[in-house]
Amino acid sequence: MNPFILTTLLLGLGLGTTITFASSHWLLAWMGLEINTLAIIPLMAQHHHPRAVEATTKYFLTQATAAATLLFASMTNAWLTGQWDIQQMTHPLATTMIIIALALKIGLAPMHSWLPEVLQGLDLTTGLILSTWQKLAPFALLMQIQLDNPTPLIILGLTSTLVGGWGGLNQTQLRKILAYSSIAHLGWMMLILQFSPLLTLLALITYLIMTSSVFLIFKMNKATTINALAISWTKTPILTALIPLVLLSLGGLPPLTGFMPKWFILQELTKQDLATLATLAALTALLSLYFYLRLSYAMTLTMAPNNLTGTTPWRFSSPQLTLPLAISSTTATLLLPLAPATLALLTT
């Protein structure tokens, strides 16, 4: 892609998200989401592969549906209450429609079906943008909506953790596994959103760091299936030893970074007298942990039968920058000792 066009599209992505962040008016927030969507579509279709075009079409249709629902809901709210302010959503009909629209935008269950299919058709770099940056603007809106009854968000969150864990069990494509991982993590964020928005923000930041690390690692190895992971030791042996730690951190296993937000979320749910909900969420996390363990096993304890040409890619150096990979991987595994300081910041 022409570097000037690429720069324009990336600036469009940044502009759309910034507009949504800065808006207090639903029309301006909708405009930012639309700019965001229109900026990423050429990036998704840049390779002109049939799967990429199909994924782009699916993404466009779902995002257009979500944006139309959001605009309709905000107009309904303005009609019923006479104001457009994001933080003054008072009518339950408009609020429910907006939550459904934003859930469709980020891929929460049961509006999740598009996410694995779209992510599967993209290259790893665009998939990284879709899994991280594209989540920020809808989350900024979700965090500003105050509900009298948190039950809808709890149902969405619990369904997402269950679907995200269950859906990834039988997958062999890494991008689909990461899509279901995204659904499960978004579910954890939804569970705690109405009780502690700061915890949701912490979970989102740690998810972004860990997912970025995993995508960059797979991009370095040029791996898109579980079988391709089995020969990664011939390309990057040191990185192969590090990847299971990053994957288990995504699964929320102590003493890794990913354990911190889940620990805090379970603690906060228990404080809110929702011990049953906390138990169910912890049980659904075991489903996700299974397929992270499966990936770790494929990388470290198996070796795919390959001919000589299958094991030669290690001879070619990767043009990828290693500094973002090093920073994200280190952060994704070693931040748990900062948990007391993080908890102190969240409670002050």
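The model is predicted, and 2 cavities of 30 Å³ or more are counted in it. The largest cavity holds about 100 Å³ of space, and 13 residues line it, with Tyr 59, Gln 63, Lys 105, Gln 134 and Pro 138 lying nearest its centre. Two or more residues of this lining come from each of helix H2 (26-44), helix H3 (50-81), helix H4 (92-106) and helix H7 (136-144), and H2 gives the most, with 3 residues. By class, the lining of the largest cavity is made up of 7 nonpolar, 4 polar and 2 charged residues.

The second largest cavity holds about 70 Å³ of space. Here at least two lining residues are supplied by each of helix H9 (174-192), helix H10 (197-221) and helix H13 (259-271), and H10 gives the most, with 4 residues. Among the residues that line the second largest cavity are His 185, Trp 188, Tyr 207, Met 210, Lys 262 and Ile 265, and the lining as a whole has 7 nonpolar, 3 polar and 1 charged residues.

Turning to the charged side chains, the structure holds 2 salt bridges. In one of them the side chains of Glu 54 and Lys 58 meet at 2.9 Å, N to O; both residues lie in helix H3, 4 residues apart, which is about one turn of the helix. Glu 54 counts as partly exposed because its relative accessibility is 43%, and Lys 58, at 30% relative accessibility, also counts as partly exposed.

The other salt bridge joins Glu 117 to Lys 176, with the closest N and O atoms 3.5 Å apart. Glu 117 lies in helix H5 (residues 114-120) and Lys 176 in helix H9, so this pair ties together parts that are 59 residues apart in sequence. Are the two partners buried or exposed, given that buried means under 20% relative accessible area and partly exposed lies between that and the exposed class? Lys 176 counts as buried because its relative accessibility is 18%, whereas Glu 117, with a relative accessible area of 35%, is partly exposed.

On the surface, a nonpolar patch is formed by Met 1, Ile 5, Leu 6 and Leu 10, which together have about 340 Å² of accessible area. Of these residues, Ile 5 is found in helix H1 (residues 3-22), and Ile 5 counts as partly exposed because its relative accessibility is 47%.

Notes:
Residues are numbered from 1 along each chain as its sequence is written. This is a predicted model: local features need pLDDT of at least 70, side-chain atom pairs count only at pLDDT 80 or more; totals for chains, interfaces and linings use all residues. Side-chain values use heavy atoms; hydrogens and water are left out. Patches are made of residues with over 30% relative accessible area and no salt bridge: like charges are joined within 9 Å, nonpolar side chains (Val, Leu, Ile, Met, Phe, Trp, Tyr) within 5 Å. Accessible areas come from the Shrake-Rupley method with a 1.4 Å probe; for residues, only the protein chains shown count as cover. A salt bridge is a side-chain nitrogen of Lys or Arg within 4 Å of a carboxyl oxygen of Asp or Glu. Buried means under 20% relative accessible area, exposed over 50%, partly exposed in between (1.4 Å probe, protein chains only). On a 1 Å grid over the protein atoms alone, a cavity is a set of points where a 1.4 Å probe fits but cannot get out, and a pocket is an open set with protein on both sides within 12 Å along at least five of seven lines; lining residues have an atom within 4 Å of a point. Grid points are joined across faces, edges and corners, and a volume is the space filled by probe spheres set on the points. Ala, Val, Leu, Ile, Met, Phe, Trp, Tyr, Cys and Pro count as nonpolar, Asp, Glu, Lys and Arg as charged, and the others, Gly among them, as polar.
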